[in-house]
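Please keep the sequence and the structure in view while reading.

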Amino acid sequence: FDITATFFCGTDRAHASTSCHKRCRSGSREDCDEGETCFGYTSCEAEIPRLPALGAKGPQSKQPTVPLPIPDTNNEPNLPAEIEPQTQKPTPPPAPNSNNG
């Protein structure tokens, strides 16, 4: 078992042990980002990529965007003919037969 595999960067030991975002096998803070230090004997087993901060701009998606349909402004649903609401009331089921006795 290579003990340096448990060396991870963090702002403190708890952060290093829970984020597991960057391994620092040398034991030196120079392997870490600014404001972080290298901590040994963490509970980390593997590097976990850091999630981008909220609002941060990451790599742009390469998938094409699909334009959204423009809503109808007359507040009436535009349903195809086969699923338009029924204008007739459904026929109620027959009353139970009271002659079964």
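The model is predicted, so local features need pLDDT of at least 70 and side-chain atom pairs count only at pLDDT 80 or more, while totals for chains, interfaces and linings use all residues. Residues are numbered from 1 along each chain as its sequence is written, and side-chain values use heavy atoms, with hydrogens and water left out.

A disulfide is a covalent bond between the sulfur atoms of two cysteines. How many disulfides does a search of the whole structure find? The search finds 3. With the bonded cysteines of the chain numbered in sequence order, their pairing reads 1-4, 2-6, 3-5.

Helices (H or I, at least four residues) and strands (E, at least two) are DSSP runs, numbered from the N terminus. The torsion about the S-S bond of Cys-9 and Cys-32 is about -80°, and the disulfide is therefore left-handed. Both Cys-9 and Cys-32 are buried; buried means under 20% relative accessible area, exposed over 50%, and partly exposed in between (1.4 Å probe, protein chains only).

Another disulfide joins Cys-20 and Cys-44, with sulfur atoms 2.0 Å apart. Cys-20 lies in the loop between α1 and β2 and Cys-44 in the segment after β2, so that distant parts of the chain, 24 residues apart, are linked. Because the torsion about the S-S bond of Cys-20 and Cys-44 is about -85°, this disulfide is left-handed. Cys-20 is buried at a relative accessible area of 6%, and Cys-44 counts as buried at 5%.

Cys-24 and Cys-38 are also joined by a disulfide (S to S 1.9 Å). The link of Cys-24 and Cys-38 is right-handed, with 90° about the S-S bond. Cys-24 is buried, with a relative accessible area of 0%, and Cys-38 counts as buried at 12%.

On the surface, Phe-1 is exposed, with a relative accessible area of 85%. Phe-1 is placed in the segment before β1 (8-10).

Definitions and conventions
Disulfide = S-S within 2.5 Å.
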